[in-house]
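Subject: Structure handover

Hello,

Here is the structure for you to look at. Please open it alongside this note.

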Amino acid sequence: MPKQEQAAQAGQGLALALGLATILVWGLNFPLQKTLFQAMGPEGFLFLRYLLMPLCAAGLLCWRYGRHWPRLSRADWGALLRLGLIGQGLHLALASYGVHWSTAFSSSVLLACGPVFTLLILRASGIEILSRAQVAGVAVAATGALLFMSDKLLAAQWTASGGDLVLLAAAALFSYYTVASKPLIERHGGVLVMCLATLIASLPVLALSAPAAARVDWAGLSPWLWLGAAWAILASGFAGWLAWGYVNERRGVARTAPLIYLMPPIAGLSAWLSTGESFSAVKLLAAAITLGGVAMAQFANRARPIPSGEPE
């Protein structure tokens with residue numbers, strides 16, 4: 001086998017291993033976040049996150065570009081402003097509140113519905129036409145999500161039910177980020193786009209979360225909680241997204257996306273072992289239906305682009 005082919009295979013193997021490690025970190029992060037939110041609240045975590053993330057983003061940009069960062073057009077800055085405020089800041093805020101109000105397993109399942117929202121956004125934007133199989137997948141995923149949330153609704157657990165709805169909204173916003181960032185990433189690269197979006201989101205998130213963060217007893221947090229917060233922010237948040245971008249670049253989005261479906265089982269198992277979270281048979285069945293519908297919508301009979309001049 002030629003050395004070049006061997007190197008390519010080794011690179012693919014490394015990318016797969018890195019992708020699996022990233023999914024493992026993200027799955028374990030759900031019960032960790034629940035613990036952190038109990039100690040500092042979602043606002044305190046967001047405040048801490050956006051104290052550290054901008055430092056990491058600026059440091060990475062300086063390491064990569066030095067003091068002279070790439071110049072962007074006014075249109076690109078406008079798109080980045082929307083990405084930072086909506087796709088990152090608002091998305092992460094909603095995801096944090098959703099995880100806090102809901103459960104670790106529910107959070108992982110509902111956030112994994114993102115590909116369905118991505119397809120719907122592409123169709124609404126006139127970029128792609130959905131096949132019948134994909135429309136069926138969207139319907140199956142929606143049915144599974146309703147069944148998944150039914151136990152909380154029937155038991156009048158309004159806080160947890162609201163958390164589930166907030167998580168679906170967060171998944172939709174991340175899908176918006178995925179679609180809207182693609183042209184910018186193609187022009188400027190994923191590192192620059194992610195880091196600048198982080199910097200843009202920082203001031204608004206810090207301003208909104210500061211009053212609640214000021215009431216947190218930071219001195220009373222144990223060293224283990226500080227270590228967990230650092231891991232959740234730096235390893236799962238910052239390094240995780242960089243690693244995921246690298247894996248997508250090396251393996252391609254279509255080959256990497258199925259790894260997402262490993263995240264709910266990891267989150268559910270870790271929540272069961274660490275916090276004693278329990279799951280009914282209906283819950284597990286609904287999760288399987290939801291993820292099956294998402295997989296069907298994403299991979300069965302791929303959508304085709306809308307030809308120029310074809311009515312939507």
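Below is what was found in it, topic by topic.

**Ground rules**

This is a predicted model, so local features need pLDDT of at least 70 and side-chain atom pairs count only at pLDDT 80 or more, while totals for chains, interfaces and linings use all residues. Residues are numbered from 1 along each chain as its sequence is written, and side-chain values use heavy atoms, with hydrogens and water left out.

**Overall layout**

The protein has 11 helices and two strands. Helices (H or I, at least four residues) and strands (E, at least two) are DSSP runs, numbered from the N terminus. Along the sequence the order is α-α-α-α-β-α-α-α-α-α-α-α-β.

Of the 312 residues, 46% count as buried. Buried means under 20% relative accessible area, exposed means over 50%, and partly exposed lies in between (1.4 Å probe, protein chains only). The accessible surface comes to about 15,600 Å². Carbon and sulfur atoms hold 69% of that surface. Areas come from the Shrake-Rupley method with a 1.4 Å probe; for residues, only the protein chains shown count as cover.

Now the contacts, meaning heavy atoms within 4.5 Å. Take those in the protein with a separation of 6 or more: residues 24 or more positions apart account for 89% of them.

**Helix α2**

Start with L80, which lies in helix α2. L80 is buried, with a relative accessible area of 2%. Leaving aside residues up to four places away in sequence, L80 touches L72, L184, V193, L196, A197 and I200. L80 and A201 are 121 residues apart along the chain, and their C-alpha atoms are separated by 9.9 Å.

α2 spans residues 74-101 and also holds L90. L90 has 40% relative accessibility and counts as partly exposed.

**Salt bridge**

Side chains of opposite charge can pair when their charged atoms come close. The search of the whole structure finds one salt bridge. The term means a side-chain nitrogen of Lys or Arg within 4 Å of a carboxyl oxygen of Asp or Glu. Which side chains meet in it? They are D76 and R187, at 2.7 Å, N to O. D76 lies in helix α2 and R187 in helix α6 (residues 158-188), so the pair ties together parts that are 111 residues apart in sequence. D76 is buried at 9% relative accessibility. R187 is exposed, with a relative accessible area of 51%.

Helix α3 covers residues 104-111. Seven of its eight residues are buried, so α3 is largely enclosed by the rest of the structure. The buried ones are A104, F105, S106, S107, S108, V109 and L110.

In helix α4 (residues 114-124), the buried residues include G114, V116, T118, L119 and L122. Just after α4, G126 takes a positive phi of about 75 degrees.

**Aromatic pairs**

A pair of aromatic rings is described by the distance of the centres and the angle of the planes. Rings of Phe, Tyr and Trp (its six-membered ring) pair if their centres lie within 6.5 Å; planes under 30 degrees apart count as stacked, over 60 as edge-to-face and the rest as tilted. The whole structure has four such pairs.

One of them is F37 with F45: the centres are 5.4 Å apart and the planes at 75 degrees, so the pair is edge-to-face. F37 is buried at 2% relative accessibility. F45 is buried too, at 0%.

Another is W218 with W226: the centres are 5.8 Å apart and the planes at 35 degrees, so this pair is tilted. W218 is partly exposed, with a relative accessible area of 23%. W226 is partly exposed at 35%.

**Cysteines**

C195 is buried, with a relative accessible area of 0%. C62 is partly exposed, at 40%.

Best wishes
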